[in-house]
Amino acid sequence: MDVMRKKAGTPVFKISGELDHHTAAAVREKLDKAILLDGARNIVLDFKNLRFMDSSGIGVLLGRYKLIKKKGGRIYVKNVGRQVDKIFTLSGLYQVLIKMD
Amino acid sequence: MKNHMKLNFLGISANENFARSVAGAFASQLDPTLDEISDIKTAVSEAVTNCIIHAYRDKTGEVALEMELEEDTVRVAVEDKGVGIKDVEQARQPFFTTVGGEERSGMGFTVMETFMDEVKVVSKPGYGTIVIMYKKIKGRVGDGIAFARADA
């Protein structure tokens with residue numbers, strides 16, 4: 001699991017690997033650090049290199065949304081695969097996340 | 001095709017990935033699409049995670065993953081000898097969780113129900129829980145991606 005930042009504009013954090021209960025704490029920690037260090041209001045999460053996510057990802061995303069919301073920002077998501085899209089839809093996460101593609 | 005497997009492993013989070021990978025590999029004997037494999041892996045991941053977080057909340061115990069392939073149907077059973085579920089109907093409700101502060105969503109059973117055709121939960125407090133799931137494999141006929149992968 002890596003969170004990589006791309007330069008320029010709204011920061012894009014690339015989430016890779018597998019996001020489950022086992023990796024959730026590490027992903028949460030890395031994302032929070034990146035969000036705080038970056039200081040940007042809005043962020044983009046790119047799921048292109050995410051190989052797997054289960055419902056543990058819902059908590060991670062919702063927690064990050066709360067953090068960003070405090071700064072008045074939004075979370076944009078891109079390259080959401082079919083599986084993750086289904087999980088975002090059934091959990092109602094699309095009420096707070098903005099899909100880019 | 002008729003086949004069967006049973007696997008026992010320690011209920012620690014490192015084995016979530018192991019369990020779903022095994023489930024995906026075993027089910028692939030029915031020539032499922034990549035999406036169908038992902039569905040099974042996701043459901044198994046949810047069931048095994050429930051054992052680790054809920055069934056064995058204060059200790060570490062054994063989890064059993066049992067799978068049966070019969071014709072075009074996969075049957076998956078995930079069993080623990082943990083604390084059990086007092087109210088199964090309540091546990092299956094979307095967003096219901098007994099764990100606070102850990103960013104748990106309470107969507108585990110809802111995800112299993114969404115990705116599988118049928119989910120049965122049998123539980124006895126103090127004895128454990130068994131989650132049995134079924135999925136009919138429609139297969140990769142006409143699925144270009146799966147064919148390309150098989151030819152590679």
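B:Ile40 sits in helix α2 of chain B (helices are DSSP runs of H or I, at least four residues, numbered from the N terminus). The model is predicted: local features need pLDDT of at least 70, side-chain atom pairs count only at pLDDT 80 or more, and totals for chains, interfaces and linings use all residues. Residues are numbered from 1 along each chain as its sequence is written, while chains are lettered from A and ligands numbered from 1 in the order in which they are written.

B:Ile40 is buried because it has 25 C-beta neighbours inside 10 Å (buried means 20 or more other C-beta atoms within 10 Å, with C-beta atoms placed from the backbone). Beyond its neighbours within four places in sequence, B:Ile40 contacts B:Ala23, B:Gly24, B:Ala27, B:Val74, B:Val76 and B:Lys135 (contact means C-beta atoms, placed from the backbone, within 7 Å). B:Arg75 is 35 residues from B:Ile40 in sequence, and their C-alpha atoms are 10.0 Å apart.

Helix α2(B) also packs against another helix. The axes of α2(B) and α4(B) come within 9 Å and cross at roughly 155° (axes are lines fitted to C-alpha atoms over the stretch in contact, and angles run from 0 to 180 degrees between N-to-C directions). The two helices are therefore roughly antiparallel (angles over 145 degrees). Residues making this contact include B:Ala43 and B:Ala47 of α2(B), and B:Met112 and B:Phe115 of α4(B).

Chain B also meets chain A. Here 21 residues of chain B contact 19 residues of chain A. On the chain B side, α1 (14-27), α2 (34-55) and α4 (108-115) each give two or more residues. The largest share, nine residues, comes from α2(B).

Conventions
Two residues are in contact if their C-beta atoms, placed from the backbone, lie within 7 Å. A residue is buried if 20 or more other C-beta atoms lie within 10 Å of its own, exposed if 12 or fewer, and partly exposed in between; C-beta atoms are placed from the backbone. Angles under 35 degrees count as roughly parallel, over 145 as roughly antiparallel, 65 to 115 as roughly perpendicular and the rest as oblique.
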